[in-house]
Amino acid sequence: MTTKTKTAQSTPTRSAPTSDPVVIEDLIKVYNPHRPELAVRAVDGISFRVARGEALAIIGPSGCGKSTLLQILGCLDRPTSGRYVLEGKDVARLSEDELARVRNRHIGFVFQSFNLLPRMSALENVELPLLYGAQQETRERARAALAKVGLADRGHHMPNELSGGQRQRVAIARALVTEPSILLCDEPTGALDSRTGREVLELLGRLNAEGTTLIMVTHDLLIARSLGRAIALRDGRILMDGASAEVVAEFDRLHAESAQTEVAA
Ligand SMILES: Nc1ncnc2c1ncn2[C@@H]1O[C@H](COP(=O)(O)OP(=O)(O)OP(=O)(O)O)[C@@H](O)[C@H]1O
Ligand SMILES: [Mg+2]
């Protein structure tokens, strides 16, 4: 009896596997599955977990499935098969409406090209996700999110009155305003010069340090190395998954080798 009690007490519920915000099992995404001549297996049987507060880079050559995977993680697209459990909820089989709700509640998305609405001010752009979710005090919360990215004084500027880095910070404020637990970024510095890119990365790093789980697609290996963990994809599969310094070093080595082989051929 004593043993039983001990076992029950020593089971740490907080570190149970289901507490990971992202759990992916054998995920497959085939575009145009019903037209064999056009079918593309963009994600081909991927499994991994992401722990809360982790910073994960997804790297790999063009066309290897990075954006496809990120879109599924962000509930913008659905897998063809496999499991995706987001914050304990199996999202692979949700209806469109339910999917939109889950996305609004848990996910912030930052794109390479900012995706701001051009006819709306910075403040109105940031407010937008709150309007979809029928939330309270939208203006105040949008102001707070803009202040958090250092743009309190730019709320009334239209996107074309902002610099590239400022636009991306507005996009980050828009991603943050619903207080998502997970921030997904697809090449967030791809359209920025290196100094502005560094500022945006610092901002994302700060948000991660405050507890937001960060998943970032990047082709920039220096950026990938600055995050804690990296997954390298090839042809829709996981080639490597581990500490970013090791994954990036190995990825670099493989590329140098294949470049040499090409020169020799
Ligand atoms: N909507 C689509 N319909 C059909 N095929 C698609 C679609 N979107 C992507 N693909 C294909 O799926 C594969 C993976 O594309 P994806 O955009 O995920 O690659 P990526 O790793 O993000 O590449 P990049 O680094 O160039 O952005 C590619 O072969 C691409 O041509
Ligand atoms: Mg892409």
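Visitor: Which element gives the most to the shell around ligand 1?
Guide: Helix H2 gives the most, with three residues. This is a predicted model, in which local features need pLDDT of at least 70, side-chain atom pairs count only at pLDDT 80 or more, and totals for chains, interfaces and linings use all residues. Residues are numbered from 1 along each chain as its sequence is written, while chains are lettered from A and ligands numbered from 1 in the order in which they are written.

Visitor: Which residues are around ligand 1?
Guide: Among them are Tyr 31, Val 40, Gly 63 and Lys 66; a residue counts if its C-beta atom, placed from the backbone, lies within 6 Å of the ligand.

Visitor: And where is Glu 25?
Guide: Glu 25 belongs to strand S1, residues 22–31. Helices (H or I, at least four residues) and strands (E, at least two) are DSSP runs, numbered from the N terminus.

Visitor: Why does Glu 25 count as partly exposed?
Guide: Because Glu 25 has 14 C-beta neighbours inside 10 Å. A residue is buried with 20 or more other C-beta atoms within 10 Å of its own, exposed with 12 or fewer, and partly exposed in between, with C-beta atoms placed from the backbone.

Visitor: How far apart are Glu 25 and Phe 48?
Guide: They are 23 residues apart in sequence, and their C-alpha atoms are 6.6 Å apart in space.
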